[in-house]
Amino acid sequence: MHRSAIVTLKTLIFVLITLLLACQVFVIPAVAQQMVEKSPPLEYLQVPGIMVTVGFVLCVQVALVCVWRLLSLVRASIIFRENAFRYVNIILGLVALATLLILGSFITLAVASVASPSVIMLCSLGIVVGSGLALMIVVMRGLLHQASQLERDLAEVV
């Protein structure tokens with residue numbers, strides 16, 4: 001991978017993490033407050049909603065940090081070492097956790113009878129995308145494992 005591509009990706013990751021942090025601090029609480037102002041009976045969902053949303057965004061941020069570390073391993077040409085699997089496993093766990101947060105939110109909103117059709121569609125989409133992403137990461141982890149094994153075999157031959 002070219003150095004310029006890695007630098008560009010790392011720059012984009014930094015910008016995205018920064019924007020997500022701003023969302024956690026400013027946007028999420030403001031949206032939750034607006035929700036309470038529009039629907040006062042839903043005030044009991046404000047704090048749990050903020051916590052779940054901040055948790056979801058935190059999962060994305062930590063996954064981005066892991067991608068940053070994987071890019072560093074690629075740049076150093078040591079992506080096929082065992083420590084790369086640690087980052088891939090963390091990303092997989094975070095995707096699973098984020099998907100579970102969406103599922104839990106969906107169930108909570110459905111039980112509270114406040115899930116509009118658009119919320120149902122978004123939650124369903126989030127669950128499907130999260131599940132598909134987790135399965136894709138499992139496949140990619142398998143490919144990384146095979147490539148690592150091939151590199152070890154080649155190193156023994158040489």
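**Close-up views of a predicted model**

A search of the whole structure, a predicted model, finds 0 disulfides. Cysteine 23 takes part in no disulfide, and the nearest cysteine sulfur, that of cysteine 59, is 15 Å away.

**View 1. Cysteine 66 and its closest cysteine sulfur.** The closest cysteine sulfur to that of cysteine 66 belongs to cysteine 59 and is 11 Å away, too far for a bond, because a disulfide requires sulfur atoms within 2.5 Å. Cysteine 66 is buried, with a relative accessible area of 4%.

**View 2. Helix α1 (residues 3-38) and its bend at cysteine 23.** The 36 residues of α1 should span 52 Å at 1.5 Å a residue, and the end C-alpha atoms are 50 Å apart, which agrees. At cysteine 23, α1 bends by about 45°. Cysteine 23 is partly exposed, with a relative accessible area of 29%.

**View 3. The buried residues of α1.** These are Ile6, Lys10, Ile13, Leu20, Gln24, Ile28, Ala32 and Val36. They pack against α2 (46-75). In an α-helix, residues three or four places apart point the same way, because there are 3.6 residues a turn.

**View 4. Helix α4 (residues 117-157).** From its first C-alpha to its last, this helix of 41 residues reaches 60 Å, close to the 60 Å expected at 1.5 Å a residue. Among the buried residues of α4 are Cys123, Gly126, Ile127 and Gly130. The buried residues of α4 pack against α3 (83-111).

**View 5. Arginine 86 and tyrosine 87.** The charged end of arginine 86 sits over the ring of tyrosine 87, 5.0 Å from the ring centre. Searching the whole structure for aromatic pairs finds 0.

How values were computed: Residues are numbered from 1 along each chain as its sequence is written. This is a predicted model: local features need pLDDT of at least 70, side-chain atom pairs count only at pLDDT 80 or more; totals for chains, interfaces and linings use all residues. Side-chain values use heavy atoms; hydrogens and water are left out. Rings of Phe, Tyr and Trp (its six-membered ring) pair if their centres lie within 6.5 Å; planes under 30 degrees apart count as stacked, over 60 as edge-to-face and the rest as tilted. A charge sits over a ring if NZ of Lys or CZ of Arg is within 6 Å of the ring centre and within 35 degrees of the ring normal. Helices (H or I, at least four residues) and strands (E, at least two) are DSSP runs, numbered from the N terminus. The expected span of a helix is 1.5 Å times one less than its number of residues. Buried means under 20% relative accessible area, exposed over 50%, partly exposed in between (1.4 Å probe, protein chains only). Contact means heavy atoms within 4.5 Å. The bend at a residue is the angle between axes fitted to the seven residues ending there and the seven starting there.
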